[in-house]
Amino acid sequence: MTRPPKPKPLLQDADKPVRSRPRKPRDPAQPNLPLDPMPDRIEPCLALLKAKPPKGDGWVYEIKWDGYRLSVHIEPTGIRILTRGGHDWTDRFPAIKQAALWFPVGTAILDGEAVVLDEQGRSDFGLLQQSLGGRGGKKVSSDAIFMAFDLLYFDGHDLRNSELDMRRHLLEDLVPAGEQGDIRLSEQIEADGDQLLASACEHGLEGIIAKRRDAPYRSGRLGDWLNIKCVQSDSFFVVGYERSTAARRQIASLLLAARTGDGLVYVGSVGTGFKESDVSELRGMMDKITRKTPPLPYSGARKNVVWLQPTLIAEIEYRAWTDDGKLRHASYKGLREVQDNAAVYEIV
């Protein structure tokens with residue numbers, strides 16, 4: 001099927017697409033490395049949220065993709081596609097699996113994001129969810145593509161202790177820039193961070209990721225990768241909903257909570273961003289997890305509230321926080337999959 005176009009070029013002429021740095025030829029004097037055992041699974045490196053891009057030549061940038069974090073394992077026995085939480089979703093992404101089978105490599109582990117692009121070439125989390133049948137759905141997605149941004153294992157060699165520049169050099173040999181298949185390269189962009197962020201926001205993108213070019217690949221959120229967003233978007237527990245007075249099965253708003261210490265704290269509600277299909281899906285799930293009392297301290301004045309067990313996790317887009325710790329201008333984007341192992345926002 002015809003694929004949507006790539007995102008619009010940033011900080012360049014319209015007829016000159018973004019390209020990664022030219023690759024240097026391998027030094028033939030470099031010794032061959034001993035073979036390393038292939039990891040069964042690697043905990044992902046996570047980006048630390050920052051308000052502004054970092055300064056200095058030690059950082060490189062990529063577009064922030066809004067989808068599901070995946071690792072693609074090319075193994076001697078076949079292909080495995082794992083979610084961030086370690087769940088096997090190989091069968092749900094047949095096009096990505098087939099593209100990996102064609103790769104000219106014996107073994108590899110690629111780190112990246114499964115996304116569905118809109119007509120402007122921007123990743124759209126809602127479209128990805130629809131392609132998979134919604135939260136808890138079992139549909140196979142033929143629309144999702146894999147944006148590869150790191151290479152962790154390559155032909156018998158564990159690359160996690162190598163610096164990012166080396167890993168990218170090998171990744172760009174495996175996934176050439178500009179190819180439009182079901183596995184594509186997430187291009188690195190060398191630019192001023194502030195200008196790039198402004199351009200990304202102007203193009204309607206989620207934001208940018210900054211990566212320390214000399215850092216090894218370290219699992220967890222340790223600051224080697226930074227996430228700078230145009231609009232804030234985080235995951236929150238759905239702890240209740242307010243019935244709408246307009247229609248019997250409609251939802252006026254969802255009540256949201258963040259983590260704090262060992263408990264939960266109410267952070268406001270969201271009443272926009274829902275599609276008709278979202279409402280039907282939400283009510284079907286929420287009716288099964290109702291409870292009589294709030295699962296957290298609540299002193300609000302909302303009426304017609306139905307309280308829920310805090311098991312559903314919603315991705316919420318918002319502009320800022322109010323002085324009393326509530327989300328400002330919140331909009332519903334969709335429910336996160338349990339297998340995606342999304343981190344619920346934590347108030348420190």
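Trainee: In this predicted model, why does Y68 count as buried?
Mentor: Y68 has 1% relative accessibility, and buried means under 20%, so Y68 counts as buried.

Trainee: And how do you know whether W89 is buried or exposed?
Mentor: The value for W89 is 4% relative accessibility. The cut-off for buried is under 20%, so W89 counts as buried.

Trainee: What makes the pair of Y68 and W89 edge-to-face?
Mentor: Look at the centres and then at the planes. The ring centres are 5.6 Å apart, and rings pair if their centres lie within 6.5 Å. The planes are at 80 degrees; over 60 counts as edge-to-face, so that is the name for this pair.

Trainee: Where do Y68 and W89 sit in the chain?
Mentor: Y68 is in strand 3, while W89 is in the loop between strand 4 and helix 1. They are 21 residues apart, and the pair links distant parts of the chain.

Trainee: Why is the pair of W89 and F93 called tilted?
Mentor: Its planes are 35 degrees apart, with 6.2 Å centre to centre. Stacked needs under 30 degrees and edge-to-face over 60, so the rest count as tilted. F93 is buried too, as is W89. Y68, W89, F93 and F125 form one aromatic cluster.

Trainee: Which charged end sits over the ring of W89?
Mentor: That of R92, 4.6 Å from the ring centre. The distance limit is within 6 Å. Elsewhere, the charged end of K211 sits over the ring of W225, 3.8 Å from its centre.

Terms used:
Residues numbered from 1 in each chain as written. Predicted model: local features only at pLDDT ≥ 70, side-chain atom pairs only at ≥ 80, totals over all residues. Heavy atoms only, no water. Phe/Tyr/Trp six-rings, centres within 6.5 Å; stacked < 30°, edge-to-face > 60°. Helix = DSSP H or I, 4+ residues; strand = E, 2+ residues; numbered from the N terminus. Buried < 20%, exposed > 50% of the residue type's maximum accessible area, 1.4 Å probe, protein only. Lys NZ or Arg CZ within 6 Å of the ring centre and 35° of its normal.
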